[in-house]
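Subject: Handing over a structure

Hello,

Here is the structure I promised to pass on to you. Please open it alongside this email, and I will walk you through what turned up.

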Amino acid sequence: MGKTFVGFGFGPIQAALFVLEAYRSKHFDRLVVAEVDEDTVRAIRRADGCYCVNVADQRGVESHAIRGLEVYNPQDSCDREKLKSAIADADEVATALPSTEFYRRGELSVAQILAAGLASRLTDRSSKPVIVYAAENNNRAAELLESAVAAHLDGKARAGLSLRAQFLNTVIGKMSGTVEGARQIAEQGLVPLTETLQRACLVEAFNKILITRVSLPGVERGIDVFEEKADLLPFEEAKLYGHNAAHALIGYLARPRGYH
C-alpha cells in the first residue's frame, strides 16, 4: 500500500522539491497540499490535479509534469476537514512557508490544523509514525513547529507526540523562484504551473537536501533522495553564512550599478 504526503504552502520549494520528489519516488499513492491562494487552488483543480515545474541544469531547462495532486484551501471548512483527514493518514508532511511565524498565525494556523489531524493517531500505539519536514529558513524550525503543534494538543496526545511523530530540520541549498506574467514566462521559455495560471516555477536540478537523522522507530522514508545528518548545525551555518551571504553580497554590489 502506498504512502500519503501532505504539504503546507505551494511555493517553488513545495511544488518543485517536496511534491516533485515525492511524485518521482513512486512511493506515494496520495499527494496533498494545503494552499490559501484560491486562484492556485482553482487552477490546479481545473487541470485535474496536474501542474508543471521547470528544472534547470547545465544542459538547459526541462519541464516536468506532476499529476494527481489534491489541493485544499484550509480557510474553506469542507477543504479543512479533508486536509485533516489526509494528515491523519500521512506518512510524511512538509511545511514550506514564508517563515516560522506562519506556524501560529491566524485563528486556523498551520500548527492547529496539524494538531487536529494528528491528534487521534497520537493516542493509538498501533498507529503508524509520521515525519514532518520543516523547510522554513530557520535552524530551529522543527523545534518551533513541534512546540506550536503541542500547544494545540491535550495531555494524552501531547505525551504521544514525540513517540509517533518526528519533526526534522532541513538545509535546502536549492535555488528556486517564481516567474510572473505571460510575457516573461514566454521570454524565458518556461511552462506555466497550469494553462490557466500565468505563473511559472523555476528551480535548479539540485535535490540533495540535508535533513535531521530520523530516529523514530518504524519509519521508512518515501522521499529517499534526502540525506540524513546527525548534526545539521555546521551545514545550516554554511548555507546561511556562505550560500545565502554570497547571494546577499552580489545584490549589494549590483544595486548601485543599476541592476534589477
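Which hand does the crossing of α4 and α5 have? The crossing of α4 and α5 is right-handed. By that convention, a crossing is left-handed if the near helix is turned anticlockwise from the far one by less than a right angle, and right-handed if clockwise.

Some background before the rest. This is a predicted model, in which local features need pLDDT of at least 70 and side-chain atom pairs count only at pLDDT 80 or more, while totals for chains, interfaces and linings use all residues. Residues are numbered from 1 along each chain as its sequence is written, and side-chain values use heavy atoms, with hydrogens and water left out. Helices (H or I, at least four residues) and strands (E, at least two) are DSSP runs, numbered from the N terminus.

**Helix packing**

Two packed helices are described by the angle between their axes and the distance between the axes. Here the axes are lines fitted to C-alpha atoms, for helices over the stretch in contact, and angles run from 0 to 180 degrees between N-to-C directions. Angles under 35 degrees count as roughly parallel, over 145 as roughly antiparallel, 65 to 115 as roughly perpendicular and the rest as oblique.

Let me stay with helix α4 (residues 110-122) for a moment. Its axis and that of α5 are 8 Å apart, at an angle of about 65 degrees, and α4 and α5 are therefore roughly perpendicular to each other. On the α4 side the contact (heavy atoms within 4.5 Å) is made by A111, L114 and A115, and on the α5 side by L145, A148 and V149. The residues of this contact of α4 with α5 divide into six nonpolar, no polar and no charged. For these classes, Ala, Val, Leu, Ile, Met, Phe, Trp, Tyr, Cys and Pro count as nonpolar, Asp, Glu, Lys and Arg as charged, and the others, Gly among them, as polar.

Helix α4 also packs with α3, at an angle of about 45 degrees and with the axes 8 Å apart. The two helices α3 and α4 are therefore oblique to each other, and α3 passes α4 in a right-handed crossing. In this contact, R80, L83, K84, I87 and A88 of α3 meet I113, L114, A116, G117, L118 and R121 of α4. By class, the contact of α3 with α4 has seven nonpolar, one polar and three charged residues.

Now follow α5 (residues 141-150) to α6 (residues 155-164): their axes come within 10 Å and cross at roughly 150 degrees. This pair, α5 and α6, is therefore roughly antiparallel. E146, V149 and A150 in α5 meet R158, L161 and S162 in α6, and the residues of the contact of α5 with α6 divide into three nonpolar, one polar and two charged.

**Salt bridges**

Side chains of opposite charge can pair when their charged atoms come close. Counting a salt bridge as a side-chain nitrogen of Lys or Arg within 4 Å of a carboxyl oxygen of Asp or Glu, a search of the whole structure finds 13 salt bridges.

One of them joins D37 to R199, with the closest N and O atoms 3.8 Å apart. D37 lies in the loop between β2 (28-34) and α2 (38-46) and R199 in strand β10 (residues 199-204), so the pair ties together parts that are 162 residues apart in sequence. D37 is partly exposed, with a relative accessible area of 29%; buried means under 20%, exposed over 50%, and partly exposed in between (1.4 Å probe, protein chains only).

K128 and D91 meet in another salt bridge (3.1 Å, N to O). K128 lies in the loop between α4 and β7 (130-134) and D91 in the loop between α3 (77-88) and β6 (92-95), so this pair ties together parts that are 37 residues apart in sequence. K128 is partly exposed at 30%, whereas D91 is buried at 13%.

E228 forms a salt bridge with R221, the closest N and O atoms being 2.9 Å apart. Salt bridges that share partners also join D37, E180 and R199 into one network.

**Backbone**

Most residues other than glycine have a negative phi. K26, in the loop between α1 (12-25) and β2, has a positive phi near 65 degrees and is exposed, at 72% relative accessible area. D48 has a positive phi of about 55 degrees and lies in the loop between α2 and β3 (51-57).
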